[in-house]
Amino acid sequence: MGRIDHSLYLAAVGDALDRYVPVTSLMQSELFRAMRYSLLAGGKRIRPVLVLEFCGLCGGDQEAALPFACAVEMIHTYSLIHDDLPCMDNDAMRRGKPSNHVVFGEAQALLAGDSLLTMAFETMLSSESIGGVGAQRAAEAAGVLAAAAGAYGMAGGQAIDLMSEGKKIPMETLQKMDECKTGALIRAAAKMGCILAGAESRLVRAADEYAAAVGFAFQIVDDILDVQGDEKSLGKPIGSDREKDKSTYVSLLGMERAGNAVRGLTDTACKALHAFPGDTAYLRGLAEELAVRDR
Ligand code: GRG
C-alpha cells in the first residue's frame with residue numbers, strides 16, 4: 001500500500017474490519033451480527049486513518065499497520081456501543097441507525113462491546129500482525145492503545161463524565177474528562193502510527209501534540225454540533241447535552257469563544273506538523289476539515 005487518499009483509506013479499513021469480524025454460521029452468530037452492525041455502520045474512521053497516515057508519513061509500511069488501525073476502530077466502536085446503553089447515556093440512535101442495544105438487546109450489546117475490545121488485542125497480537133511490524137513495535141503500539149483505552153484514559157474519562165452528571169463542572173474538570181474520554185484514543189492512534197514505522201521519539205511527540213490539539217478541537221466541535229448541528233447529517237438527535245444538563249464548552253465559554261478555540265487549536269495542530277520532513281498536507285487538511293465538520 002503506498003500513501004493513499006481518504007476514500008482509499010476508508011475502503012482499506014472497511015474491508016479489513018469486514019474480514020476481522022465476518023458473517024459466521026457459528027452458534028454465536030448473533031454476537032458477530034451485533035459487532036458488525038456497529039463496526040460497519042459508516043463512522044468517520046478518523047482514528048484508523050491517523051494510524052495509517054502517521055505511519056506512512058514516518059516511512060512505515062501501511063499495509064502492516066492496517067491491523068493496528070482496525071484495532072483502534074474496534075475499541076472506539078466498543079466505547080460507542082457501551083456509551084449508548086441505558087446504564088450510561090441511554091441514546092437510541094448512533095451513526096444514523098438505532099443504537100446497538102435497541103436492535104440486539106442490552107445483554108448482546110454489552111457482549112458485542114466486550115468482544116470488540118478483546119478482538120482489538122487479538123488482532124494486533126496475531127502472529128501475522130507481529131510478523132508485519134516486528135514484536136517490539138507491535139508490543140509498544142498495543143501498550144499505547146491499552147493505556148489510552150483504560151482507567152487512565154477513555155474509561156476513566158467516562159467515569160468522570162458519570163460523576164459529573166447533573167452538576168455544573170468547572171472548565172478544568174471538563175477538559176480533564178475530555179482529554180481522557182476523547183483525546184486519549186485520538187492521541188494513541190497518531191502515536192501508534194509513528195511507533196509502527198519506528199519513528200524517532202521527537203516525531204512521536206510531535207504526532208502526540210498534533211493529535212492532542214485535534215482531539216480537543218474535536219470535542220469542542222462535538223459540543224457546538226449538539227447545539228447547532230443538523231440531526232440528519234449527525235445521525236442522532238441534537239440538544240442532548242442541554243437535556244441532560246451537561247456542562248460543555250458551549251455552555252462554559254459561549255458559542256463565539258468556543259468557535260475561536262477550535263480555530264486556535266487547529267492552528268496549533270498544523271504547527272506541530274512542521275517537525276515532519278515529509279508531506280503533511282493530508283493531516284493539515286484533516287485538522288481543518290474536522291474543525292468545520294457537520295457530523
Ligand atoms: C463506555 C468505556 C466507555 C467509554 C465511552 C468515547 C466515549 C467513552 C463515549 C463517546 C461519547 C461521545 C459522543 C463522545 C464525544 C466525542 C466522540 C468520541 C464522538 C464520537 O466519535 P466520532 O465522531 O464517531 O469519531 P464516528 O461515528 O464518526 O466514528
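Colleague: Which helix is threonine 123 in?
Modeller: Threonine 123 is in helix α6, residues 106-124. Helices here are DSSP runs of H or I with at least four residues, strands are E runs of at least two, and both are numbered from the N terminus. Before we go on: this is a predicted model, where local features need pLDDT of at least 70, side-chain atom pairs count only at pLDDT 80 or more, and totals for chains, interfaces and linings use all residues. Residues are numbered from 1 along each chain as its sequence is written, and side-chain values use heavy atoms, with hydrogens and water left out.

Colleague: OK. Is threonine 123 buried or exposed?
Modeller: Threonine 123 counts as buried because its relative accessibility is 5%. Buried means under 20% relative accessible area, exposed means over 50%, and partly exposed is in between, with a 1.4 Å probe and protein chains only.

Colleague: What does threonine 123 touch?
Modeller: Leaving out residues up to four places away in sequence, threonine 123 touches Tyr20, Pro67, Met74 and Ser129. Contact means heavy atoms within 4.5 Å.

Colleague: Switching to the ligand: which residues come nearest?
Modeller: Lys44, Arg47, His76, Asp83 and Arg95, out of 17 residues around the ligand. A residue gets on that list if one of its heavy atoms lies within 4 Å.

Colleague: How far is the polar side-chain atom of lysine 44 from a ligand oxygen?
Modeller: 2.5 Å for lysine 44. Arginine 47 has a polar side-chain atom 2.8 Å from a ligand oxygen, and for arginine 95 the distance is 2.6 Å. A polar contact is a pair of N or O atoms within 3.5 Å; within protein, one must be able to donate a hydrogen and the other to accept it, and residues adjacent in sequence count only if both atoms are side-chain atoms.

Colleague: And how much of the ligand does the protein bury?
Modeller: The protein buries 92% of the 700 Å² that the ligand exposes when taken alone. Those areas come from the Shrake-Rupley method with a 1.4 Å probe; for residues, only the protein chains shown count as cover.

Colleague: Which helix gives the most to the shell?
Modeller: α4, with six residues. Helices α3, α4, α10 and α11 each supply at least two.

Colleague: Back to arginine 95, then. Where is it?
Modeller: Arginine 95 is in the loop between β1 (93-94) and β2 (97-98). Its phi is near 50 degrees, a positive value in a residue other than glycine. Arginine 95 also counts as buried, because its relative accessibility is 18%.

Colleague: What about arginine 45: where is that one?
Modeller: Arginine 45 is in the loop between α2 (29-39) and α3. It has a positive phi of about 60 degrees although it is not a glycine. At 8% relative accessibility, arginine 45 counts as buried.

Colleague: How many residues of α3 are buried?
Modeller: Twelve of the twelve, so α3 is largely enclosed by the rest of the structure. Those buried residues pack against α1 (6-20), α4, α10, α11 and α16 (281-291).

Colleague: Last one: is tyrosine 249 buried or exposed?
Modeller: Tyrosine 249 is buried, with a relative accessible area of 0%. It is in helix α14, residues 249-253. Among the residues that tyrosine 249 touches are Met171, Leu174, Phe216 and Ile220.
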